[in-house]
Amino acid sequence: MHTNILSKATYYKVAVLLGILLAATVVVAQFDLGVLNTAIALTIAFAKAALIVLFFMHLRYSWPLLRLFAASGLIWLAIMITFVLADVLTRK
Amino acid sequence: MSATTAHLAHQFDDAEQQFAAAELGMWLFLSTEVLLFGGLFCTYSIYRLWYHAAFVAGSQRLEQVLGTINTAVLLTSSLSMALAVHAAQTDDRRGIVRNLVFTIFLGCMFLGIKGYEYRQKFVEDLVPGPNFSLTADQPNDNSREGRRDKNNRAGQPPYRAPSQTTLTTEPDVGRVELFFSFYFAMTGLHALHMIVGIGMLGVLLVGASHGAFTPEYHTPVEMIGLYWHFVDIVWVFLFPLLYLIR
C-alpha cells in the first residue's frame, strides 16, 4: 500500500543488476554447455523476473493475500507444465 | 483530505481499502495473463523437446544483437515506469510526465526494432506459409515464381514428413517452420500487449499533464505500471527461449 515508498537509488540498483544479468545470459549463450545452457538461461530469466516483481512491482513490501494472488498464476502454470512434461519426457 | 475523499467510491471504507481492492484485482488479471502466455510457453516446451535440432536452426536465423538491444530497451522502460510511479508517490508532477514520455518512447523503440525484425523475416522467406524457405537468402532466383519453383510445393500437403525433404543434412524444414510459427505467435501476442500498454500510457500522460495524479490518488499510474512490468517479464522469458537456443 502507500506506506512504503522505495528510494530512487533502489530502482537504479535493480536496473543495473538486470543489465548485468542480461549480459550474463547473452555471454553464456555463446558457449556450448549442452543441457546447462537451457538451465542457466532459465535460471537467469527467473532471477530477472524476481527482481522486477519484488522491487519494480513492490511485491516485497506487499501484504500476504496479494502475494498469494500474484503466485496463483505461476502455481497453476507450474502444475500444467509439470504434468505435460511428465507425459512428454517419458513417452517411448 | 479532500484530495483523498474526492476519489473515494462510496462502497469503500477509506482510500487505503480502495487501493487494496484495485491492487488485488490487477494481480488477479495478471494471473490470468500468466495462464494465457503460459499455454504458449507449455506448447513451445513440448515441441522444443521433440524437435530440438530444428528449433536451434530456427533460433540461429534470429538477430541475437537486435534481441539483446530490445531486451535492454524494455528493461530500461520498466525502470522509467517505476520512476514514474515514484514521482507520483512523491508529488513530482513533472517527473511523472517526463518518465511516462520516456517509457512511451522506449516502448515505441521496442516495437520499431521488432517491426524491422519482422520485415527481415518476410524478406528472408521465414514467415510460415506457402513461401517459407530456408534457402531464400541465397542470391539465385529471387522472383516470387522462382522461389515457388525452388520450393516445389505446389499441390503438396502442408505437412511434409522428414523423408520428403530434399535437405538431408539440415533439420526438417517443416519443423523449422513450426519454430517460426511459435516465434510469430509469441512475439506477436507480446507486441499486442505492448501496443495496448503504450495506448494506456498515453491516457496516463494526458491525465498527468493535467495534474490528475497526487500522492493521495495515483492508482491508475500504479496499476498500468504493474501491467507494463508484467509485459516486460514475458519478454524476459521470450528472449532466451527464442533467441538464445543452442
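From the N terminus on, chain A of this predicted model runs α-α-α. The chain has three helices and zero strands. Buried residues account for 22% of its 92 residues. The radius of gyration of chain A is 17 Å, whereas a compact globule of 92 residues would have one near 12 Å. Along the principal axes, the C-alpha atoms of chain A fill a box of roughly 55 × 35 × 10 Å.

Chain A touches chain B through 36 residues, and chain B contributes 36 residues to the contact. On the chain A side, α1 (8-28), α2 (35-56) and α3 (64-88) each supply at least two residues. The most comes from α3(A), with 14 residues. By class, this side of chain A has 27 nonpolar, six polar and three charged residues.

Within chain B, helix α2 (residues 15-50) packs against helix α8 (residues 219-243). Their axes lie 10 Å apart and form an angle of about 15 degrees. Angles under 35 degrees count as roughly parallel, and α2(B) and α8(B) are therefore roughly parallel to each other. The crossing of α2(B) past α8(B) is right-handed. Residues of α2(B) in this contact include B:Phe19, B:Met26, B:Phe37 and B:Tyr44, and those of α8(B) include B:Met223, B:Phe230 and B:Leu241.

The table sets out the residue classes of the two contacts.

| α2(B) with α8(B) | 13 residues | one residue | one residue |

Technical notes: Residues numbered from 1 in each chain as written. Chains lettered and ligands numbered in written order. Predicted model: local features only at pLDDT ≥ 70, side-chain atom pairs only at ≥ 80, totals over all residues. Contact = placed C-beta atoms within 7 Å. Helix = DSSP H or I, 4+ residues; strand = E, 2+ residues; numbered from the N terminus. Nonpolar A, V, L, I, M, F, W, Y, C, P; charged D, E, K, R; others polar. Rg over C-alpha atoms; globule rule 2.2 N^0.38 Å. Buried ≥ 20, exposed ≤ 12 C-beta atoms within 10 Å, placed from the backbone. Axes fitted to C-alpha atoms, helices over the stretch in contact; angles between N-to-C directions. Parallel < 35°, antiparallel > 145°, perpendicular 65-115°, else oblique. Left-handed = near helix turned anticlockwise from the far one by under 90°.
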